[in-house]
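User: I'd like to go through this model with you, a bit at a time. Can we talk about what sits against what inside the fold?

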Amino acid sequence: MKILIAQNYPGTKLSISEWSSTADTDITGGLVTADSLGIFGQFGVDSATYWATPDAQGPVGLAYWLFRGLAL
C-alpha cells in the first residue's frame with residue numbers, strides 16, 4: 001500500500017478505519033490487538049480506528065496500555 005500511495009498520491013497518509021480484534025473479553029482479543037498494533041507500527045500506518053471502546057482493564061484495553069505506556 002505504501003508503494004502504491006507513493007507512486008500515485010505522494011504525501012497521502014495511510015489509515016485503517018474501523019478494525020477490531022476477535023473478542024474483547026478474552027486473552028485472544030488482547031493478543032490479536034497487541035500483534036495488530038505492532039504490525040501497524042512496523043508498516044507505518046498513520047491512523048487506525050478501533051471499532052468500539054474497549055474496557056480499560058480488559059485484554060484489549062491492556063494491549064493498548066502496553067503500547068501507550070500510560071499508568072492504569
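User: Which residues is Thr-33 in contact with, leaving aside its neighbours within four places in sequence?

Analyst: Thr-33 is in contact with Trp-19, Ser-21, Tyr-50, Val-60, Ala-63 and Tyr-64 once its neighbours within four places in sequence are left aside, where contact means heavy atoms within 4.5 Å. This is a predicted model, in which local features need pLDDT of at least 70 and side-chain atom pairs count only at pLDDT 80 or more, while totals for chains, interfaces and linings use all residues. Residues are numbered from 1 along each chain as its sequence is written, and side-chain values use heavy atoms, with hydrogens and water left out.

User: Where is Thr-33 found, and is Thr-33 buried or exposed?

Analyst: Thr-33 is found in helix 2, and it counts as buried because its relative accessibility is 0%. Buried means under 20% relative accessible area, exposed over 50%, and partly exposed in between, with a 1.4 Å probe and protein chains only. Helices (H or I, at least four residues) and strands (E, at least two) are DSSP runs, numbered from the N terminus.

User: And Ala-63, what does that one touch?

Analyst: Not counting residues up to four places away in sequence, Ala-63 touches Gly-30, Thr-33, Ala-34 and Leu-37. Ala-63 has its place in helix 3 and counts as buried, because its relative accessibility is 3%. The C-alpha atoms of Ala-63 and Gly-30 are separated by 5.5 Å, although the two residues are 33 residues apart along the chain.

User: Which are the buried residues of helix 3?

Analyst: They are Val-60, Gly-61, Ala-63 and Tyr-64. Seen down the axis of helix 3, these buried residues fall within an arc of 155°, so they line one face of the helix; the arc is that of the directions from the helix axis to the C-beta atoms. What covers the buried residues of helix 3 includes strand 1, helix 2 and strand 2.

User: What follows helix 3?

Analyst: Helix 3 is followed by Gly-69, whose phi is positive, near 70°. Glu-18 has a positive phi too, near 55°, in a residue other than glycine. Glu-18 is found in strand 1 (residues 15-19) and is exposed, because its relative accessible area is 55%.

User: OK, switching to the core. Which residues make up the largest nonpolar core?

Analyst: The largest nonpolar core has 9 residues in all, namely Ile-5, Leu-14, Trp-19, Leu-37, Phe-40, Val-45, Tyr-50, Val-60 and Tyr-64. A nonpolar core is a set of buried Ala, Val, Leu, Ile, Met, Phe, Trp, Tyr and Cys residues joined through side-chain atoms within 4.5 Å. Helix 2 and helix 3 (59-68) each supply at least two residues of this core.

User: How many aromatic pairs are there in the whole structure?

Analyst: A search of the whole structure finds 3 aromatic pairs. Rings of Phe, Tyr and Trp (its six-membered ring) pair if their centres lie within 6.5 Å, and planes under 30 degrees apart count as stacked, over 60 as edge-to-face and the rest as tilted. One of these pairs is Trp-19 with Phe-40, which is edge-to-face at 5.2 Å centre to centre, with 85° between the planes. That pair links distant parts of the chain, since Trp-19 is in strand 1 and Phe-40 in helix 2, 21 residues apart. Trp-19 counts as buried at 9% relative accessibility, and Phe-40 is buried with a relative accessible area of 15%. Tyr-50 and Tyr-64 form another edge-to-face pair, at 5.9 Å centre to centre and 80° between the planes, and this pair links strand 2 and helix 3 across 14 residues.

User: Which residues do the ring pairs link into a cluster?

Analyst: The ring pairs link Trp-19, Phe-40, Tyr-50 and Tyr-64 into a cluster.

User: New topic: how many salt bridges?

Analyst: The count comes to 1 salt bridge, where the rule asks for a side-chain nitrogen of Lys or Arg within 4 Å of a carboxyl oxygen of Asp or Glu. The side chains of Lys-2 and Asp-46 meet in it at 3.6 Å, N to O. Lys-2 is in helix 1 (residues 2-8) and Asp-46 in the loop between helix 2 and strand 2 (47-50), 44 residues apart, so the pair links distant parts of the chain.
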